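This briefing covers a two-chain model, topic by topic. Please look over the sequence and coordinates before reading the points below.

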Amino acid sequence: MLQNLLLDVLPEHERRRIAPHCEDVQLEQRSTLYEPDTTIPSVWFPNTAVISVLVHTDNGEAVEIGLVGREGMVGIPLVLGCTSNSFHAIAQVGGSATRIARQPFVDVVLAPGHVFCSGLLKYVNLYASNIAQTAACNRLHRIEQRLARWLLDMQDRTQHDVLPVTHEFLGLMVGAYRPSVTNALKAFEDRGVLEPRRGAIRIVDLPALEREACECHSAIRRRTEATLEQIRSLAA
Amino acid sequence: MFALNAGFAPELRRNALLASLPADELVRLRTILRVVPLTPGQQIIGVNQPLPHLYFVLSGSVARLAQIQSGETVEVGFIGSEGAVGLSIALGGSAPIGLGRVQAGGSAAAISVSDFNEHVRAQRSALFDALLAYANVQMHVIAQLAACHCLHRIEQRLSRCILSLEDHSNGAGSVQTTHDSLAEFLGVHRPSVTYALQALAAEGAIGVERRRLIVRNRALLESHACECYAAIRNLIANHRDRAGQENA
């Protein structure tokens with residue numbers, strides 16, 4: 001059973017402090033956690049669920065700016081003392097998460113002087129640097145590289161080779177139009193890297209997919225591991 | 001000594017984050033803030049190197065760039081006197097959020113990591129909360145530009161970029177920049193920038209000089225820009241308003 005790593009690295013006394021405010025929830029695939037320009041009702045720490053954070057443009061297009069699974073948290077503006085935001089968070093993969101409602105999160109969990117508060121700010125820094133990396137990646141890396149990166153990012157979070165995602169959604173995730181995504185997937189399938197499934201994609205050759213991906217996948221994974229390690233050492 | 005310090009505080013108040021602080025807090029901070037010059041092209045935040053200082057911009061501007069391994073970049077925000085560069089220090093993070101390169105020369109009030117941790121973070125001062133709220137604004141700016149660089153056409157992005165640069169040059173009506181810099185901001189090759197600039201110039205929206213662009217018809221330029229220009233301008237204006245109210 002996958003457990004949220006941000007909660008997992010906390011020392012025992014800190015976990016006991018926040019436990020009364022935590023609630024186990026199941027998130028359905030495609031369900032919305034919060035919409036743009038609304039008040040964020042709570043924060044979520046995914047276990048098996050994976051959340052896409054999207055930015056919408058005026059003409060109805062959208063781009064994913066963050067993929068959050070067991071390594072992270074959804075609802076960052078609340079950590080920064082803000083309640084509203086312009087992002088859209090949806091469950092890309094349904095599953096379990098730990099939810100903390102806004103009021104206890106802000107009043108109790110974030111109370112200054114506790115390890116969790118400092119740790120979450122380190123996570124916010126990681127999250128912001130990942131968005132910046134994605135901005136450069138979406139502009140400068142080829143669609144095949146970005147597609148491979150996204151599938152690896154997803155596989156890191158689900159730890160499954162079968163990823164429940166359609167071509168149409170994949171285009172949205174990597175900021176490309178569906179035909180170019182379909183072509184890129186077809187090329188990967190022809191080379192035996194991926195295999196199409198009904199409403200899903202299976203990773204057949206993980207090392208090959210890693211070779212196809214841009215550096216952003218491993219760069220972000222390294223930064224994530226380093227950040228979690230720093231949060232763990234806060235308690236020491 | 002007193003006379004010197006009394007003359008120093010008004011300069012610090014040119015920065016919206018510092019101006020939002022209660023007078024006694026600014027008095028306390030001015031002994032640890034050091035005013036430094038910002039020279040065009042100077043890299044004040046690098047990648048994979050420790051962040052020595054957090055900079056509150058007093059005048060001029062800094063471009064935040066996201067870079068990939070090949071060295072290619074895109075711009076993910078211009079920061080002027082409304083903000084600060086080196087937010088990773090406030091967040092206690094180890095990796096910087098992009099590169100920081102001085103765009104327009106000016107000055108900044110710098111605070112070292114150790115002074116920040118001792119005098120601002122540990123005491124949970126008003127400045128700390130102001131920086132967190134500002135980090136939320138910047139996160140939205142970066143996210144907006146992540147979508148923009150991906151979805152919008154070069155004419156739209158170039159117009160947005162020129163307008164943002166002009167906003168950060170105190171309404172001078174012109175912008176000091178080069179085709180190479182614009183190519184780095186937009187993540188495209190230089191000929192694409194030159195071509196798009198010529199098209200805007202032919203319409204009379206801008207004038208193109210060797211190291212300078214002149215905004216001749218702002219309304220026309222705004223009509224070419226994508227919605228991201230207004231979205232980011234509003235984010236920054238709201239931040240300035242909030243900072244102003246803190247001190248009211």
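## Chain contact, core and helix packing

Chain B puts 35 residues into the contact between the chains, and chain A puts in 38 residues. On the side of chain B that touches chain A, the elements giving two or more residues are β3 (53-67), β4 (73-79), α4 (87-91) and α6 of chain B. The model is a predicted one.

**Contact between the chains**

- With 16 residues, α6(B) gives the most to the side of chain B that touches chain A.
- Sorted by class, that side of chain B has 18 nonpolar, 13 polar and four charged residues.
- Ile142(B) touches Ala128(A), Ile131(A), Ala132(A) and Ala135(A), and in its own chain Val76(B) and Gly77(B), leaving out residues up to four places away in sequence.

**Nonpolar core**

- The largest nonpolar core contains 157 residues, and those with the most contacts inside it are Val124(A), Ile142(B) and Ala146(B).
- Helix α6 (residues 126-151) of chain B supplies the largest share of this core, 16 residues.
- As background, nonpolar side chains tend to be buried together in soluble globular proteins.

**Leu132(B)**

- Helix α6 of chain B also holds Leu132(B).
- Is Leu132(B) buried or partly exposed? Leu132(B) is partly exposed because 19 other C-beta atoms lie within 10 Å, and a buried residue would need 20 or more.
- Not counting residues up to four places away in sequence, Leu132(B) touches Leu80(A), Gly81(A) and Ala90(B).
- From Leu132(B) to His152(B) the separation is 20 residues in sequence and 30 Å in space, C-alpha to C-alpha.

**Helix packing in chain B**

- α6(B) packs with helix α11 (residues 228-246) of chain B at an angle of about 175 degrees, and their axes are 10 Å apart.
- The two helices, α6(B) and α11(B), are therefore roughly antiparallel, the term used for angles over 145 degrees.
- On the α6(B) side, the residues that meet α11(B) are Ala130(B), Ala133(B), Tyr134(B), Val137(B), His140(B), Val141(B), Gln144(B), Leu145(B) and Cys148(B).
- On the α11(B) side, they are Cys228(B), Ala231(B), Ile232(B), Leu235(B), His239(B), Arg242(B) and Ala243(B).
- The contact of α6(B) with α11(B) is made up of 12 nonpolar residues, three polar and one charged.

**Helix packing in chain A**

- Helix α6 (residues 143-158) of chain A and helix α8 (residues 178-190) of chain A pack at about 75 degrees, with their axes 10 Å apart.
- At that angle, α6(A) is roughly perpendicular to α8(A), because this term covers 65 to 115 degrees.
- Ile143(A), Glu144(A) and Leu147(A) of α6(A) meet Ser180(A), Val181(A), Ala184(A) and Ala187(A) of α8(A).
- By class, the contact of α6(A) with α8(A) has five nonpolar residues, one polar and one charged.

**Ala101(A)**

- Ala101(A) lies in strand β9 (residues 95-101) of chain A.
- Ala101(A) is partly exposed, since 13 other C-beta atoms are within 10 Å.
- Ala101(A) and Glu23(A) are 78 residues apart in sequence, and their C-alpha atoms are 8.6 Å apart in space.

**Confidence in chain A**

- Chain A has a mean pLDDT of 93, and 100% of its residues reach 70 or more.
- Within chain A, confidence is highest in strand β1 (residues 23-27), at a mean of 98, and lowest in helix α7 (residues 167-174), at 78.

Note on methods:
Residues numbered from 1 in each chain as written. Chains lettered and ligands numbered in written order. Predicted model: local features only at pLDDT ≥ 70, side-chain atom pairs only at ≥ 80, totals over all residues. Core = buried A, V, L, I, M, F, W, Y, C linked by C-beta atoms within 7 Å. Buried ≥ 20, exposed ≤ 12 C-beta atoms within 10 Å, placed from the backbone. Helix = DSSP H or I, 4+ residues; strand = E, 2+ residues; numbered from the N terminus. Contact = placed C-beta atoms within 7 Å. pLDDT = per-residue confidence, 0-100. Nonpolar A, V, L, I, M, F, W, Y, C, P; charged D, E, K, R; others polar. Axes fitted to C-alpha atoms, helices over the stretch in contact; angles between N-to-C directions. Parallel < 35°, antiparallel > 145°, perpendicular 65-115°, else oblique.
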